[in-house]
Amino acid sequence: MKPKLRVAVFVSGSGSNLEALIRAERAGRLKAEIVLVVCDNPDAYAIVRANKFEKSVFLCEPKTFGSREDFEKALVEVLKKEKIGLVVLAGFMRILTPYFVNVYRGRILNIHPSLLPAFPGAHAIRDAFQHGAKVTGITVHFVTEHLDGGPIILQRSVEIGPYETLEGLEAKLHKIEHKLYPEAIRLFAKDRLSIRNRKVTIER
Ligand code: GRF
């Protein structure tokens, strides 16, 4: 039998997606094992969640490294040691350099709270809301060196009604994220994703 895919989840903040992924793993819905949580922020609530579920946390504060390259080299070293097959960015507020992307090309996923390519960047929900968009959503995509620009795996849309509040919209979007990310990881783990000409095909 094929060994289970070993996953590292990268976080910086609240970690609600991390918790949803751990719950999916426990329910047998991930078809992968979350071996490691990588966190760049010692105050992140994600660390509390990881501890609650007894997940190992690798805390890597960039300021303790001489350069970005040294920081990413240390990450790669830990990931190799842990035989990580998939890197899952879940609210990781740091842009990975081409060095890191090259080492794990095709094996890094990100979740973004808009229908990419609309509203890239760190404030996607607020940007879509303030823009007056009628529809927004969630995107799970492969990570490349282009910010929020890699091949799209799954998307779900949400309507923004006339009386919607920003808080209400955020809550709706997070709820969708917590279902969509485990689904994407499961597809990856089952080798059902292939990329051709930047487009992702989901094999049946
Ligand atoms: C999510 O909205 C995700 O789409 C974005 O960052 C947020 C992380 O939230 N990339 P959490 O830390 O998982 O609660």
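Why is helix 1 largely enclosed by the rest of the structure? Before I answer, a word on what we have: this is a predicted model, where local features need pLDDT of at least 70, side-chain atom pairs count only at pLDDT 80 or more, and totals for chains, interfaces and linings use all residues. Residues are numbered from 1 along each chain as its sequence is written, and side-chain values use heavy atoms, with hydrogens and water left out.

Now, helix 1. Helices here are DSSP runs of H or I with at least four residues, strands are runs of E with at least two, and both are numbered from the N terminus. Helix 1 covers residues 16-26, and it is largely enclosed because 8 of its 11 residues are buried. Buried means under 20% relative accessible area, exposed over 50%, and partly exposed in between, with a 1.4 Å probe and protein chains only. Among the buried ones are Leu18, Leu21 and Ile22. The cover includes strand 1, strand 2, helix 2 and helix 6, where contact means heavy atoms within 4.5 Å.

Just after the helix, Gly28 has a positive phi of about 75°.

On to the nonpolar cores: sets of buried Ala, Val, Leu, Ile, Met, Phe, Trp, Tyr and Cys joined through side-chain atoms within 4.5 Å. The largest has 47 residues, and Val9, Ile153, Tyr181 and Ile185 touch the most other members. Helix 6 gives the most to this core, 10 residues. Apart from it lies another core of 20 residues, including Leu36 and Ile84.
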